[in-house]
Amino acid sequence: MTDIAPPARYDRPSALAFLGYAAAIVIILWSFAGAGFSIDKVISSPPRFADFLQRALPPNLEPQVLARLGWKMLETLQIALAGAVIGVILSVPVALLAARGLIVGPWINQTVRTILGFIRAVPDIAWALVFVVAVGLGPFAGMLAIAIDTIGFCGRFFADDMEAADKGPAESLSATGARRIDVVACATVPAAMPAFISTALFALEKAVRSSTILGLVGAGGIGIELKVGFDLFDYPTAMTVILMIAVVVIAIEQLSGWARTRIIGEQR
Amino acid sequence: MTDLLTTPLARDVPAQTGAALSAPVLPVDLRVTDLSKHFGDTPIFQDVSFGLSRGEAVAIVGANGTGKSTLLRCILGLIPADHGQIDVLGTDVGRARNAQLRAMRAQIGLVSQKHNLVPRLSVLSNVVQGLLGRRPGIRHWSQTLAPAPSREAAMTALEKVGLAHLASRRADRLSGGQSQRVAIARALVGQPKILIADEPTASLDPAAGEDVMDLFFRLALQEGVTVVFISHNIEHALRYGDRVLGLADGRMKLDARAHNLSADALRGLYD
């Protein structure tokens with residue numbers, strides 16, 4: 001038994017920390033108010049939700065509806081895959097420009113990173129609206145929206161992956177007199193490849209999720225069916241669309257996880 | 001401190017100053033003059049000077065943190081020195097433009113403490129990439145794209161280190177000793193004039209370390225290249241080095257012929 005008293009269970013916060021906590025609580029409450037948070041609505045919503053479920057279930061499983069929605073879902077996946085592939089491919093050169101200490105100087109790195117930040121800041125649905133104006137209604141606008149969104153995502157993470165890659169092989173190749181571009185191609189990119197694959201698979205998952213709602217603004221895919229279902233109060237069909245999206249997104253996530261383990265898990 | 005260390009620069013053979021080197025006088029491949037390097041306010045080494053004749057093998061010894069690896073990186077121009085001059089194969093490293101530095105490095109082979117192979121590529125691709133200094137471009141990014149003479153040169157280098165049969169194996173499937181042998185093949189494939197090795201046996205068990213050192217110096221002798229190597233293994237320094245340079249307290253405390261030195265004297269550098 002020691003005579004020394006144990007330290008206090010809790011440290012008294014400094015005045016500044018206390019003010020910080022208080023300010024954080026005020027901001028959170030203010031946000032709730034701004035978001036129209038209402039206990040009354042929370043309490044009254046379950047019966048309304050139950051009413052929706054009653055009208056939406058069972059989902060519409062008529063063969064011709066399933067066939068139509070199936071084709072739209074297929075189009076959605078095509079938009080996602082094509083957009084993600086183009087985005088991932090274009091992300092590699094963009095990332096080479098964004099990665100610090102690799103090929104170009106800090107000014108170009110920072111400029112490219114700022115542009116990538118801007119691309120990520122604009123939501124994919126907004127990009128879809130822009131491309132609908134630029135190339136017209138239809139899946140091509142959706143594919144372009146997915147591609148640009150993927151560049152914003154992968155461009156930044158590919159650059160980070162290359163910056164974090166083991167520098168040893170790159171230094172050894174530099175020491176042989178190899179040019180910077182050769183060093184990047186032979187040492188940096190292969191070292192970052194497992195991370196590239198992982199990021200690209202996440203980008204594909206993200207693209208599939210995004211592509212399901214691009215139809216809401218006329219950029220192709222199954223989203224338009226969801227909008228029409230709700231607009232016409234055809235809740236069973238809307239429910240079919242929701243379930244179809246859920247099944248496909250979960251399946252793609254599982255597939256992507258499996259591929260990630262197979263490709264990276266064994267080869268890393 | 002031993003007597004050796006209290007004696008200022010015990011140079012029984014002053015580097016390329018002529019007198020003690022046996023005739024004929026060989027060309028100097030590498031000369032370092034009054035070199036100093038700081039990282040921030042921390043001095044790493046100061047006023048380091050030495051020269052290396054063609055075909056000579058020099059061991060650099062010293063405790064951790066004495067700047068041995070930093071010195072090698074300065075020599076290769078991978079990091080700039082703060083003061084002093086480095087002349088490698090006629091290139092003033094401090095003033096050389098990028099293209100001149102690359103041309104100089106193309107005549108040097110480096111074997112690092114970690115083998116630094118590209119793990120996901122095949123053994124042959126790793127060795128082919130050792131030619132990038134002399135033959136830049138996409139055709140030497142991988143053995144698949146490499147022209148036949150380069151593939152042949154890489155296979156010959158692998159044959160010399162006894163690993164030609166593993167040419168298609170992925171580099172990350174090799175043992176530590178095999179990896180270091182491949183690193184030696186990669187360093188030799190470009191037929192360098194100088195070989196630099198930074199603790200090549202540090203990550204290996206003693207038996208593999210002996211094998212690698214034997215192979216490294218047998219090949220270096222065969223090819224007639226100048227060798228600079230860092231080693232914490234005093235036996236290696238004395239056995240494989242013609243000369244031993246000792247760094248302690250950021251200064252060159254020893255520059256002597258290996259056969260004039262005892263292991264005990266070198267251990268003093270680590271006190």
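1. Helix 1 (15–34) and helix 2 (39–56) of chain A each supply at least two residues of a nonpolar patch, helices being DSSP runs of H or I with at least four residues, and strands runs of E with at least two, numbered from the N terminus. The largest share of this patch, three residues, comes from helix 2 of chain A, and A:Ile39 lies in that helix. The patch covers about 600 Å² of surface and is made by A:Ile28, A:Phe32, A:Phe37, A:Ile39, A:Val42 and A:Ile43. Patch residues have over 30% relative accessible area and no salt bridge, with nonpolar side chains joined within 5 Å and like charges within 9 Å; the areas come from the Shrake-Rupley method with a 1.4 Å probe, and for residues only the protein chains shown count as cover.

2. On provenance, this is a predicted model, in which local features need pLDDT of at least 70 and side-chain atom pairs count only at pLDDT 80 or more, while totals for chains, interfaces and linings use all residues. Residues are numbered from 1 along each chain as its sequence is written, chains are lettered from A and ligands numbered from 1 in the order in which they are written, and side-chain values use heavy atoms, with hydrogens and water left out.

3. Chain A and chain B bury about 2100 Å² between them, 56% of it on carbon and sulfur atoms; buried area is the accessible area (1.4 Å probe) that two parts lose on being put together, summed over both. The contact (heavy atoms within 4.5 Å) takes 23 residues from chain A and 27 residues from chain B.

4. Across this interface of chain A and chain B the rule finds two salt bridges, each defined as a side-chain nitrogen of Lys or Arg within 4 Å of a carboxyl oxygen of Asp or Glu. The side chains of A:Asp166 and B:Lys114 meet in a salt bridge at 3.9 Å, N to O. This pair crosses between chains, from A:Asp166 in the loop between helix 6 (139–164) and helix 7 of chain A to B:Lys114 in the loop between strand 6 (108–111) and helix 4 (123–128) of chain B.

5. A cis peptide bond joins A:Leu57 and A:Pro58, with omega about -5°, and A:Pro58 has its place in the loop between helix 2 and helix 3 (63–98) of chain A. A:Phe233, although not a glycine, has a positive phi of about 55°, and A:Phe233 is found in the loop between helix 9 (223–231) and helix 10 of chain A.
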